[in-house]
Amino acid sequence: MKNQNILKRLVSNQLFIPLIALILLAVINLVNDPGFFKITLGTNNAGNPVLSGYLITILDYGSELGILAIGMTLVTAASGGQDISVGATIAIAGSAMLRVLCGGNSRPETIQAPIIVAFLVACVVGMLCGAFNGILVAVFKIQPMIATLILFTAGRSIAAWINNNELPIVPDPKFSYFGGFIPGIPIPTTVFIVIGCIIIIALVLKFTNLGLYTQAVGINESSARLNGINPTAIKVLSFVILGLCVAVAALIKVSRLSTINYSVVAKDIEMDAILAVALGGNALSGGKFNMWASILGAYVIQFLTTTLYKFNVQSDALAAYKAVVVILLVVFSAPTVREYFRNMVKKLAPARKEAA
Amino acid sequence: MKKNASFAMIMLLLLALFVGCGSTALKNKTNNDDGNPQEEDSIITVGFSQLGAESDWRNANTRSMQASFAADDNYALLYKNGQQKQTNQITAIRMFIQQGVDYIVLAPVTESGWDSVLGEARDAGIPVILVDRRVDVTDKNLYSCWVGSDFELEGKKMAAWIKSYTESIGMVPEDLHIVNIQGTIGSTAQIGRTRGLANAARENGWDLMEEITGDFTETKGREVMAALLKRFDNINIVYCENDNEAMGAIDAIEAAGLKAGPNIKNGDIMVVSFDGVNIEALEYAKQGKISCIAECNPMHGPRVKALIDTLVSGQTPDKFNYVDEKVFSSISRVKKIQVDGVTYDIDLLED
Amino acid sequence: MKKQNEKTSIFNRLSDTNLLLTITIVIFFLMYLGAIIFQGGGFTKPQMLFNILNSNAALIITSCGLSIVMITGGIDISVGGVVALVSMCCAVYLDYHDGSILGSILIALGIGLLYGLVQGFLVAVLDIQPFIVSLAGMFFARGMTTIVNTAPFNVEDPEFTALKDTRIIIPGMGSYTRKGIYVPAYVEIGVIVALIIVILLFMVLRFTKLGRSFYAVGGNKQSALMLGINVRRTKFLSHLICSVLAGIAGYVYFLHVGSGSASHAMGMEMNAIASSIIGGTMLTGGVGNIIGTLFGVMSLCTIQAIVSSAGLDDAWWTGITIAAMLCIFLLIQSVVMAQKKKK
């Protein structure tokens with residue numbers, strides 16, 4: 001009886017679905033090629049020690065998604081909708097960062113401003129974009145997906161306009177540390193950035209009412225208002241936080257290449273970020289959320305992507321396999337399907353008793 | 001009163017939109033005097049449908065066209081970016097026809113599928129000049145002439161260079177394990193350069209392990225190279241069909257802890273590429289990361305303008321016009337190469 | 001003052017749908033007029049308008065399907081992917097398998113139907129959010145397209161190219177070029193298909209019980225249930241219609257471009273959503289009109305044509321102008337809805 005309870009609690013936990021998916025993927029890889037889990041310590045061309053291996057790749061390339069999942073979860077919970085402009089705003093924030101770093105010159109000899117200044121500018125730009133979306137959603141009561149469609153359409157154009165449609169290259173090798181390795185540390189820098197973000201959001205959720213208020217607004221706006229919460233402010237705030245996450249993701253993205261390609265940078269990342277939230281078992285219609293499940297969801301997606309690459313799936317065809325996995329996951333986590341299975345189990349259980 | 005206010009607000013927004021459109025249109029007045037009958041006869045309008053802005057080569061090509069026509073007051077150039085899609089280019093040509101341009105310059109994204117739209121241009125009496133890639137049409141008279149590079153010759157030059165270089169360091173042909181990161185499948189450059197390598201590999205007995213597209217982009221080049229490095233452990237020559245792919249491939253090689261360079265006997269992976277437009281790629285070539293670059297000259301503008309001048313004066317220009325192209329390398333071992341009986345000098349890049 | 005009153009009363013009498021529709025149509029005509037006045041040249045010729053129709057017939061069809069889903073309060077972002085998948089499958093079938101025209105049309109309809117059945121089932125029966133379902137649908141279609149064939153290619157089948165180049169000449173609308181050559185005006189078959197679909201859907205939404213139940217479900221699920229409308233069935237049908245239309249749009253698109261490519265119809269779903277919104281459909285459901293959608297598409301495409309003919313680098317400027325237009329329309333909708341609530 002006790003066992004059953006534990007099982008029930010486990011199954012109903014939000015972390016259950018992403019965890020099961022993660023374990024499943026791990027088992028598939030283990031059966032296919034145990035070498036998947038091998039991590040080797042080598043040196044890169046600059047002679048610095050680096051860890052390499054598929055697991056490291058997942059941790060490294062899943063970073064942007066993990067960071068975006070934080071903001072996307074808050075936006076989803078507060079507004080009951082999703083922001084589809086994150087890819088485009090990454091382009092804007094990244095472009096602004098490059099503009100500051102390169103000072104409008106596409107091939108500068110040295111960087112024109114400290115990296116921190118450029119990053120802060122990117123943060124401000126990201127937050128402004130977030131605020132724009134947030135105001136459309138909260139003040140003008142436009143559905144989030146549609147409101148963010150505006151920046152989705154214009155974002156990449158604005159990004160190109162910021163740099164006069166040129167593709168500046170950052171000359172300073174230090175800038176590439178953020179998306180690569182710091183000399184002497186074999187773990188990808190992005191991992192530290194994600195850990196930093198997670199610690200910050202954990203502290204914020206623990207010591208402020210942000211989580212509670214966000215859920216209250218998402219569950220019932222008018223009763224939240226009656227309880228003295230300002231739903232407009234909370235919604236705008238959630239979009240601004242997402243804007244901040246976008247700026248961090250932009251830093252990583254731009255740093256990886258030391259440049260930017262407006263039309264393809266972070267393409268389709270918004271879809272992956274939304275999937276991460278959905279995989280984490282969070283209702284896309286808002287309300288209660290579990291931040292950790294979303295972040296785990298993000299890494300599940302990256303795990304899946306890397307696994308598919310391992311199986312020599314072409315990058316263009318990747319989407320089809322992803323879609324199948326997503327549909328299966330979503331179908332099995334759908335309330336109606338769960339209800340159906342519960343009934344099935346109930347029906348089967350007495351039958352078994354009789355048989356015994 | 002509130003209703004009035006909202007009505008006024010909507011009208012204001014309408015006005016704003018209208019004015020917004022108007023100002024866009026007004027701006028156009030200065031660079032396209034199409035609607036103005038007095039100036040119509042003196043200015044020759046040229047519609048230029050460029051296929052996209054996918055690489056530095058393409059951007060240099062666009063700039064060259066724009067610069068050559070901007071320099072002459074008798075011409076107005078209407079530039080259209082096709083964003084890598086034939087549909088967009090066909091739409092652009094139809095738009096040029098409606099706007100009544102005098103000449104159409106087309107840099108086609110693919111070879112096939114141009115019959116009907118070029119037929120429309122001919123029916124409207126507008127001559128078409130092709131740039132860079134060619135088109136595969138049943139009636140060659142659908143375009144007046146073509147300007148571009150001999151891509152197969154570029155491929156042959158590169159193969160000849162690889163042959164003389166590897167022979168000079170004493171490698172046997174069977175030890176050359178080559179992968180070809182191709183351009184956008186179906187483009188003239190891809191077809192010519194792929195053919196140049198494939199024929200040479202067959203003739204010389206090289207091990208051409210894989211041909212896979214990198215779409216002429218850095219991102220795709222990196223991705224493809226990373227995958228190839230995981231699949232094969234004996235690659236020693238990477239043949240990239242443009243510089244952007246080469247830079248992506250070098251990134252992937254370095255990320256895998258290997259070295260891109262000409263010392264293939266000591267475990268380097270030799271990268272060769274085409275175009276030679278990108279400053280960074282030339283820098284790579286100086287450092288030896290890219291061992292050899294076969295130039296693909298993007299400066300078509302002056303040539304196209306000269307051809308149009310010929311057409312304006314009523315003469316018939318040559319149907320096919322090739323631009324001159326060089327071979328760059330920082331390795332001094334190979335001084336000259338021979339292709340089809342013609343000798344080409346190697347331009348030595350030095351720091 | 002009296003005049004003012006009259007104006008407001010007209011304003012009052014218009015329902016939400018009609019008000020938004022009127023705004024769209026007025027803006028479209030103002031825009032076109034503006035283009036003729038300021039840009040002249042091409043825009044004075046009827047063929048410019050027909051060219052816009054020719055290139056965007058498929059967008060009109062997908063937008064109509066999307067409007068229906070949006071009226072019932074759902075969303076479908078898989079349409080662009082379906083269009084690409086259909087054109088690739090038909091292209092491969094015609095060129096590599098020596099297929100017939102009829103067979104390719106059946107393939108197009110079949111893909112649309114299959115998509116509609118699966119997505120409709122997931123959304124209506126299993127109650128999964130339409131956004132996630134169609135997101136996966138989009139991924140699947142895009143991925144499948146490259147699995148079917150990676151490289152883009154043009155169809156050479158002679159029967160098909162003949163059909164592709166079939167033109168319906170519109171008498172009296174042609175124009176003379178500067179060299180004095182007469183060029184007749186024409187539309188492609190796809191435009192006729194699109195217009196028939198617009199008219200059919202307009203009739204369905206206006207005069208049938210099914211049409212009214214779409215509005216009822218989107219407006220208020222509870223009251224729709226009380227009225228005895230089968231909400232599940234209605235939602236299912238809306239997705240089915242949308243996907244089948246996407247299949248048809250895929251064929252129309254294929255007929256226009258004559259090639260299969262994984263990058264076909266990139267972003268078409270977003271353009272379709274934008275068109276529907278500009279055409280006065282509200283994403284919250286219950287409000288919308290097919291005629292509005294038609295004008296929404298036309299406004300969107302006219303803006304593109306204006307930007308394009310102005311010689312601006314269209315890749316960047318279209319994005320910005322469309323976004324600005326979308327922004328304005330959304331604000332108008334928001335203001336209208338706020339006014340209505342206050343009443």
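## Domains of chain A

Chain A is split into domain 1, residues 13-312, and domain 2, residues 314-356. The model is a predicted one. Taken over C-alpha atoms, the centres of domain 1 and domain 2 of chain A are separated by 30 Å. Nine residues of domain 1 of chain A and eight residues of domain 2 of chain A make up the contact.

On the side of domain 1 of chain A that touches domain 2 of chain A, the elements giving two or more residues are α2 (16-32), α12 (269-279) and α13 (291-310) of chain A. That side has seven nonpolar residues, two polar residues and no charged residues.

## Nonpolar cores

The largest nonpolar core holds 234 residues. Those with the most contacts inside this core are A:M97, A:A122, C:I61, C:V83 and C:L326. Helix α11 of chain A, residues 231-257, gives the largest share of the core, 18 residues. The core lies between domain 1 (13-312) and domain 2 (314-356) of chain A, because both give residues to it.

Leaving aside residues up to four places away in sequence, A:M97 touches A:A118, A:F119, A:V121, A:A122, A:A250, A:L251 and A:V254. Another core, of 48 residues, lies apart from the largest one. Its residues include B:V238, B:M270, B:A294 and B:I337.

## Contact between chains C and A

In the contact between these two chains, 33 residues of chain C meet 42 residues of chain A. The elements that give two or more residues to the chain C side are α6 (130-148), α12 (268-278) and α14 (314-342) of chain C. The largest share of that side, eleven residues, comes from α6(C). By class, the residues on the chain C side are 24 nonpolar, seven polar and two charged.

## C:S134 in helix α6 of chain C

C:S134 is part of helix α6 of chain C. This residue counts as buried because it has 28 C-beta neighbours inside 10 Å, the threshold for a buried residue being 20 or more. Not counting residues up to four places away in sequence, C:S134 touches C:I75, C:D76, C:I77, C:S78 and C:Q119. C:L21 is 113 residues from C:S134 along the chain, and the C-alpha atoms of the two are separated by 27 Å.

## Domains of chain B

Each domain of chain B is assigned as two segments: domain 1 as 44-148 + 298-322, and domain 2 as 151-297 + 326-348. The distance between the centres of domain 1 and domain 2 of chain B, over C-alpha atoms, is 30 Å. Eleven residues of domain 1 of chain B and 14 residues of domain 2 of chain B take part in the contact. On the domain 1 side, the classes are four nonpolar, two polar and five charged residues.

## Sheet of chain B and its helices

Chain B has an open sheet of eight strands with mixed pairing, in the order β7-β6-β8-β9-β10-β12-β14-β13. Its edge strands are β7 and β13 (336-339), each of which pairs on one side only. On average, neighbouring strands of the sheet are turned by 25° against each other, with direction ignored. Strands β12 (residues 327-329) and β14 (residues 342-348) of chain B pair in the parallel sense over three bridges. B:V327 has B:I346 in β14(B) as its bridge partner.

Helix α6 of chain B, residues 151-168, lies across β8 (237-240), β9 (270-275), β10 (290-295), β12, β13 and β14 of chain B. It runs at about 130° to β13(B). Helix α8(B) also packs on the sheet, where it touches β6 (177-182), β7 and β8 of chain B. The direction of α8(B) makes about 150° with that of β6(B).

## Positive phi at two aspartates

Most residues other than glycine have a negative phi. B:D215 is not a glycine, yet has a positive phi of about 55°. This residue sits in the loop between β7 (207-213) and α8 (218-231) of chain B. B:D215 counts as buried because 25 C-beta neighbours lie inside 10 Å.

C:D98 also has a positive phi of about 55° without being a glycine. The loop between α4 (79-96) and α5 (101-125) of chain C holds C:D98. Is C:D98 buried or exposed? C:D98 counts as exposed because it has 9 C-beta neighbours inside 10 Å, and 12 or fewer is the limit for an exposed residue.

Methods:
Residues numbered from 1 in each chain as written. Chains lettered and ligands numbered in written order. Predicted model: local features only at pLDDT ≥ 70, side-chain atom pairs only at ≥ 80, totals over all residues. Contact = placed C-beta atoms within 7 Å. Helix = DSSP H or I, 4+ residues; strand = E, 2+ residues; numbered from the N terminus. Nonpolar A, V, L, I, M, F, W, Y, C, P; charged D, E, K, R; others polar. Domains from an automatic or database assignment. Core = buried A, V, L, I, M, F, W, Y, C linked by C-beta atoms within 7 Å. Pairing = 2+ DSSP bridges. Axes fitted to C-alpha atoms, helices over the stretch in contact; angles between N-to-C directions.
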